Amino acid sequence: MSEIKIFKYYAGSNWHEPSSGKYFESEDPSIGKVWAKLPNCNLDDINIAVKSAKSAYYDGPWGKMHPAERGRILHRIGDVISKNAEKIGNIETKDNGKLPKNITPSLTSWQTESFYYYAGMCDKFEGRLIPSEVPNMHNYLKWEPFGVVALILPWNSPIGTLIWKLAPALASGNTVVIKPSERASCSTLELMSILEEADLPEGLINVVTGFGPTTGATLIEHDDVRMISFTGGTKGGSAASLSASKKVKPIIMELGGKSPQIIFSDADINLSVNGVVSGIFPVAGHSCISGSRILVHKNIKDEFTNKLLEVVKKAKVGSPNDPSTQIGPIANKEQYEFILSKIEDAEKRGLKLLIDGRKENKSEGYYIGPTIFDNVPNEDDLAQNEIFGPVASIQTWEDENEVIKIANDTIYGLAAGIWTKDTNKAIRLADKIEAGTVYINNYFNASTQSPVGGFKQSGYGRENGWEGMQSYMQTKSTWLATNPSQSDPF
Ligand code: NAD
């Protein structure tokens with residue numbers, strides 16, 4: 001039996017055992033066996049981590065550092081992550097089953113680009129002079145950091161989601177305490193030991209591990225945490241925002257989705273089939289923007305569906321350690337059981353399965369292949385609620401107004417795909433779709449320069465781009481009298 005790795009949490013640039021002595025387990029989902037134990041951090045541990053971040057901000061060099069110097073440190077972080085991409089990728093694969101090809105290459109390219117992009121922004125986030133109507137006043141606006149910021153992460157892409165938060169949070173001048181998901185904490189902790197090579201100021205980045213309603217909520221409510229950036233499900237986000245509201249703290253929320261893929265009758269069928277499949281199945285549906293609602297025009301439904309099934313049937317589901325695998329395991333047992341229950345419930349409601357991913361079940365590990373239900377009514381649970389697994393539903397429609405209504409008729413608004421050769425129509429539709437990101441004849445693209453975020457219950461606030469930096473800063477308006485005079489108060 002292989003040895004179980006015991007992690008410590010990271011605060012003040014040191015490793016700590018949990019003060020309660022309690023740990024929780026993490027399984028390798030490719031075999032369904034425990035491989036690591038993580039500290040179950042409580043208030044005492046959170047106090048240590050937040051105190052370290054606070055002291056790095058107020059007493060350490062970080063709070064006094066020139067923005068350009070911060071930028072140079074961000075460059076170092078990007079370089080170290082890029083250099084260790086494979087190591088980080090391997091540990092994430094072991095922890096949540098994600099295929100190495102879906103992690104490692106991005107850590108040497110567009111994801112680490114975040115550090116270079118925001119490094120450049122550090123000394124360019126200029127304030128402005130306001131032409132106020134008050135006479136003899138010089139009124140200027142500055143952007144300032146919040147101080148200690150808490151970053152709360154999901155399990156599907158711990159390092160990816162962390163980078164999108166960490167780069168702008170640090171570039172803005174904050175210090176951070178990270179709380180990764182209890183279902184995938186190992187890569188974040190491993191990253192801390194890798195970042196020791198970047199020689200960061202003590203206490204700049206801290207990590208506590210534990211469960212959402214306990215460790216997460218306690219961290220959010222800590223008096224010295226001034227802002228929160230949360231990525232997770234809509235239910236978890238709603239609970240986290242209640243915690244934040246107790247102390248009136250700003251929070252940005254990147255939450256779940258149930259994104260529509262709208263296929264017009266004039267779409268390029270091969271392109272749209274490839275786009276729809278790529279938009280959900282290669283990552284086993286573990287993406288917030290999974291296009292799980294396939295809304296195909298009635299006239300091409302049969303042709304589209306046949307091609308779709310042809311493509312998904314070829315996909316090889318298996319261990320992430322086998323380089324020929326195209327779809328890896330479900331990331332953890334709870335999610336596996338949740339997805340299975342959703343498939344069983346849909347069957348009980350009489351919905352028709354076109355392909356049943358349960359046939360990919362293996363003697364060990366958590367495997368479900370592409371699963372597609374046909375003719376799903378829009379009000380059905382399958383069309384309305386996020387499954388976060390390789391399960392898609394097909395619905396048909398006949399006219400443009402009808403499909404806009406169907407597409408917008410969920411609580412979510414994260415992303416949407418539009419497939420048509422008619423650009424005018426595509427733009428007309430994109431304007432009417434209630435989602436933070438719309439893809440026309442492509443899907444799944446993202447870049448550091450382009451802000452992402454949700455409409456409706458998919459969240460608020462933005463990550464990436466100019467807006468991503470603003471999320472981690474607040475403005476200060478200063479009034480300087482150029483000809484000081486004050487009339488008698490009474
Ligand atoms: P989750 O909401 O269960 O947990 C996310 C994080 O929040 C975890 O670290 C968890 O411990 C913490 N948490 C949960 N309840 C909390 C509470 N009451 N107080 C404080 N913290 C709490 O989500 P998950 O299952 O880990 O992740 C999957 C979800 O994340 C999916 O819904 C997916 O769509 C979403 N997601 C969104 C994006 C995006 O950018 N919009 C990206 C990735 C994942």
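Domain bounds here come from an automatic or database domain assignment. The shell around the ligand takes at least three residues from each of domain 1 (5-255 + 454-477) and domain 2 (260-440).

This is a predicted model: local features need pLDDT of at least 70, side-chain atom pairs count only at pLDDT 80 or more, and totals for chains, interfaces and linings use all residues. Residues are numbered from 1 along each chain as its sequence is written.

The ligand is surrounded by 33 residues. A residue is near a molecule or strand if its C-beta atom, placed from the backbone, lies within 6 Å of it. The closest are Gly212, Gly216, Gly232, Gly236 and Gly256. Helix 8 (212-221) and helix 9 (234-246) are the elements that give two or more residues to this shell. Helix 8 gives the most, with five residues. Helices (H or I, at least four residues) and strands (E, at least two) are DSSP runs, numbered from the N terminus. The shell holds 14 nonpolar, 15 polar and four charged residues. Ala, Val, Leu, Ile, Met, Phe, Trp, Tyr, Cys and Pro count as nonpolar, Asp, Glu, Lys and Arg as charged, and the others, Gly among them, as polar.

| Residue | Phi | Loop |
|---|---|---|
| Asn375 | about 45° | between strand 16 (371-374) and helix 13 (381-384) |

Asn375 is partly exposed, with 13 other C-beta atoms within 10 Å. Lys456 is also partly exposed, with 18 C-beta neighbours inside 10 Å. A residue is buried if 20 or more other C-beta atoms lie within 10 Å of its own, exposed if 12 or fewer, and partly exposed in between, with C-beta atoms placed from the backbone.
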